[in-house]
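Me: Hi! I've got a model open and would like to talk through how it is put together. Can you walk me through it?

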Amino acid sequence: MGTRSNIFIENVDGTFTGIYCHWDGYLDYNGVILYKGYQTPEKLQKLIDLGDISSLGAETIPSPLVEKFGFDYHANPEYKALSEKEQERLQQEARKGNEQDLPIYTTAYHRDRGEELNQMHAQSFQDVIDQQGGSIEYLYVATRKKDNNLCWYVKSYDYFGFLQDALLEQNLI
């Protein structure tokens with residue numbers, strides 16, 4: 001079962017746009033990736049532009065495995081025809097980390113599976129917070145600072161505050 005999360009960015013006009021992420025929404029995965037890998041509005045906007053995602057990586061590019069064999073590569077006859085050793089090699093490549101030891105690749109429903117482009121929209125920071133609930137375990141919201149960097153917030157069932165503080169509290173950064 002996935003640990004679901006939503007990821008939002010504050011737009012220049014003060015509204016917010018967000019996406020859903022199905023897997024690994026917890027702090028020590030998506031929280032760390034967002035904090036370390038998405039510090040500029042331009043880079044985060046590339047992620048948001050993908051629409052809803054299955055899994056988050058430090059880059060918005062798909063893995064070579066997904067590019068070659070598709071989103072549901074396990075069911076692809078060409079993939080299934082490969083030796084177990086070659087399948088394992090390709091899966092290891094897909095899990096490769098960058099210089100910060102963050103997973104590299106992002107898997108998006110629209111780009112990689114051909115589904116409709118889905119995004120969420122909210123008029124204010126409070127609207128983003130108020131809309132969350134139900135099955136979404138983590139909410140990540142990036143607001144814009146005057147220096148054009150991002151200030152990250154996180155909300156879970158038992159925490160709401162700065163993402164940096166939550167990560168420091170758990171010795172994740």
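Reply: Happy to. One term before we start: two strands pair if DSSP finds at least two bridges between them. Keep in mind, too, that this is a predicted model.

Me: Which other strand does β2 pair with?
Reply: β2 also pairs with β5, residues 120-122, in the antiparallel sense over 3 bridges. Phe16 stands opposite Ala122 of β5 there.

Me: And is β2 buried or exposed?
Reply: Buried: 6 of the 6 residues of β2 are, so the strand is largely enclosed by the rest of the structure. Phe16, Gly18 and Tyr20 point one way, while Thr17, Ile19 and Cys21 point the other way.

Me: Let's switch to helices. Which residues of α2 are buried?
Reply: In α2, which spans residues 41-49, they are Pro41, Leu44, Leu47 and Ile48. Looking down the helix axis, these buried residues fall within an arc of 120°, so they line one face of α2.

Me: What covers that face?
Reply: The cover over the buried residues of α2 includes the strands β1, β2, β3, β6 and β7, along with helix α1. Just after α2 comes Gly51, with a positive phi of about 80°.

Me: How about α5, which residues are buried there?
Reply: Gln87, Leu90 and Gln91 are the buried residues of α5. Down the axis of α5 they fall within an arc of 100°, so they also line one face of their helix. Among the elements covering them are α3 and α4.

Me: Now the hydrophobic side of things. How many residues are in the largest nonpolar core?
Reply: That core has 27 residues. Those with the most contacts inside it are Ile7, Leu44, Leu47, Leu56, Tyr140 and Trp152. At least two core residues come from each of β1, β2, α1, α2, β6, β7 and α8. The largest share, 4 residues, is supplied by α1.

Me: Leu56 is in that list. What does Leu56 touch?
Reply: Setting aside residues up to four places away in sequence, Leu56 touches Ile7, Cys21, Tyr29, Asn30, Ile33, Leu34, Tyr38, Leu47, Tyr105 and Thr106.

Me: Why does Ser55 count as buried?
Reply: Its relative accessible area is 19%, and buried means under 20%.

Me: And Ser63, where is that one?
Reply: Ser63 is in the loop between β3 and α3. At 5% relative accessibility, Ser63 counts as buried. A polar atom of the Ser63 side chain lies 3.1 Å from the backbone nitrogen of Val66. Leaving out neighbours within four places in sequence, Ser63 is in contact with Ala94 and Tyr105.

Me: Where do I find Asp101 and Asn171?
Reply: Asp101 is in the loop between α5 and β4, and Asn171 is in the segment after α8.

Me: Are those two buried or exposed?
Reply: Asp101 is exposed, with a relative accessible area of 67%. Asn171 counts as exposed at 67% relative accessibility.

How values were computed:
Residues are numbered from 1 along each chain as its sequence is written. This is a predicted model: local features need pLDDT of at least 70, side-chain atom pairs count only at pLDDT 80 or more; totals for chains, interfaces and linings use all residues. Side-chain values use heavy atoms; hydrogens and water are left out. Buried means under 20% relative accessible area, exposed over 50%, partly exposed in between (1.4 Å probe, protein chains only). The arc is that of the directions from the helix axis to the C-beta atoms. Contact means heavy atoms within 4.5 Å. A polar contact is a pair of N or O atoms within 3.5 Å; within protein, one must be able to donate a hydrogen and the other to accept it, and residues adjacent in sequence count only if both atoms are side-chain atoms. A nonpolar core is a set of buried Ala, Val, Leu, Ile, Met, Phe, Trp, Tyr and Cys residues joined through side-chain atoms within 4.5 Å.
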